[in-house]
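The notes are in the order in which I looked things up.

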Amino acid sequence: TKEGVDVLLLSVGPDLPYLVGYEAMASERLTMLVVRSAGPPQLVIPELEAPRVEATHFEVRAWGELDDPIQVVAEACEDVEVVGLGDHTWSVFMMRLQDRISGVRWLPASSLTSSLRVFKDDGEVAAAQLVVAQVHALAREALDLQLRDVGIVEADLGAAHLEQADD
């Protein structure tokens, strides 16, 4: 793989929802996608959150209260030399993983993942264009309201927008 990364470990941040369609809650309970250069990706997730995940192209490895999720991830990293760790991974998880996965080189996962989101399919482009059009319409509306009612504050601007939307 590019950069010689043997495994990607992705936790909270933009990569996880982009790759598996699930946005992990920022929590002291580890949720981490383990993507090895060979084999199916595995989402290590708290048992209580597992029902919220629709596994399509990855396996779900739910961990319970008595399990050690750091050990589960570490075991998936046996025989690797280079680990790409998600840039938004909490430092406490990073330190625990580094204690359990020794003798490897650590890289920021963004060295691989940031380029993935650059390319958009037609649906993503259409959705982005719709959002831009809505933001522009709202900005024009806000400007019109401010010019008409000089000195209007944000709360009043929001109320006026909602009033016009109801009409």
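The entries below start with the conventions and the whole chain, then move to single elements and residues.

**Entry 1. Conventions.** I am working with a predicted model, in which local features need pLDDT of at least 70, side-chain atom pairs count only at pLDDT 80 or more, and totals for chains, interfaces and linings use all residues. Residues are numbered from 1 along each chain as its sequence is written, and side-chain values use heavy atoms, with hydrogens and water left out.

**Entry 2. Whole chain.** I looked up the elements and found six helices and six strands in the protein chain. Helices (H or I, at least four residues) and strands (E, at least two) are DSSP runs, numbered from the N terminus. I wrote down their order from the N terminus as β-α-β-β-β-α-β-α-β-α-α-α. The protein chain has 167 residues, and 33% of them are buried. Buried is under 20% relative accessible area, exposed is over 50%, and partly exposed is in between (1.4 Å probe, protein chains only). I then took the contacts in the protein chain with a separation of 6 or more, and residues 24 or more positions apart account for 54% of them. A contact here is heavy atoms within 4.5 Å.

**Entry 3. Helix α2.** Is helix α2 (residues 69–76) enclosed or open? I noted it as largely enclosed by the rest of the structure, because six of its eight residues are buried. The buried ones are P69, I70, V72, V73, A74 and A76. I listed what these residues pack against: the strands β1 (7–10), β2 (32–36), β3 (42–46) and β4 (59–63), and the helix α3 (91–100). At the N-terminal end of α2 I found D68 as the cap, with a side-chain oxygen 3.1 Å from the backbone nitrogen of I70. For polar contacts the cut-off is a pair of N or O atoms within 3.5 Å; within protein, one must be able to donate a hydrogen and the other to accept it, and residues adjacent in sequence count only if both atoms are side-chain atoms.

**Entry 4. α2 against α3.** I looked up the packing of α2 and α3 and got an angle of about 50°, with the axes 10 Å apart. The contact is made by I70, Q71, V73 and A74 of α2 and by F93, R96, L97 and R100 of α3. Axes are lines fitted to C-alpha atoms, for helices over the stretch in contact, and angles run from 0 to 180 degrees between N-to-C directions. The two helices are therefore oblique to each other. Under 35 degrees counts as roughly parallel, over 145 as roughly antiparallel, 65 to 115 as roughly perpendicular, and the rest as oblique.

**Entry 5. Aromatic pairs.** How many aromatic pairs does a search of the whole structure find? I got one. W90 and F93 form the pair, which is stacked at 5.9 Å centre to centre and 15° between the planes. Rings of Phe, Tyr and Trp (its six-membered ring) pair if their centres lie within 6.5 Å; planes under 30 degrees apart count as stacked, over 60 as edge-to-face and the rest as tilted. W90 is partly exposed at 35% relative accessible area, whereas F93 is buried at 4%.

**Entry 6. S27.** I found S27 in the loop between α1 (15–20) and β2. S27 is buried, at 13% relative accessible area. Leaving out residues up to four places away in sequence, S27 touches W90 and F93. A polar atom of the S27 side chain lies 2.9 Å from the backbone nitrogen of R29.

**Entry 7. S11.** Which loop holds S11? I placed S11 between β1 and α1. S11 is buried at 4% relative accessibility. The S11 side chain reaches the backbone oxygen of T31 at 2.8 Å. S11 and T89 are 78 residues apart in sequence, yet 5.4 Å apart in space, C-alpha to C-alpha. Beyond four places in sequence, S11 contacts L16, L30, T31, M32 and T89.

**Entry 8. L33.** L33 lies in strand β2 and is buried, at 2% relative accessibility. I noted L33 and L10 as 5.0 Å apart, C-alpha to C-alpha, and 23 residues apart in sequence. Apart from neighbours within four places, the contacts of L33 include L8, L9, L10, P41 and L43.

**Entry 9. D79.** I ended on D79, in the loop between α2 and β5 (82–85). D79 has a positive phi of about 65° although it is not a glycine. D79 is exposed, at 78% relative accessibility.
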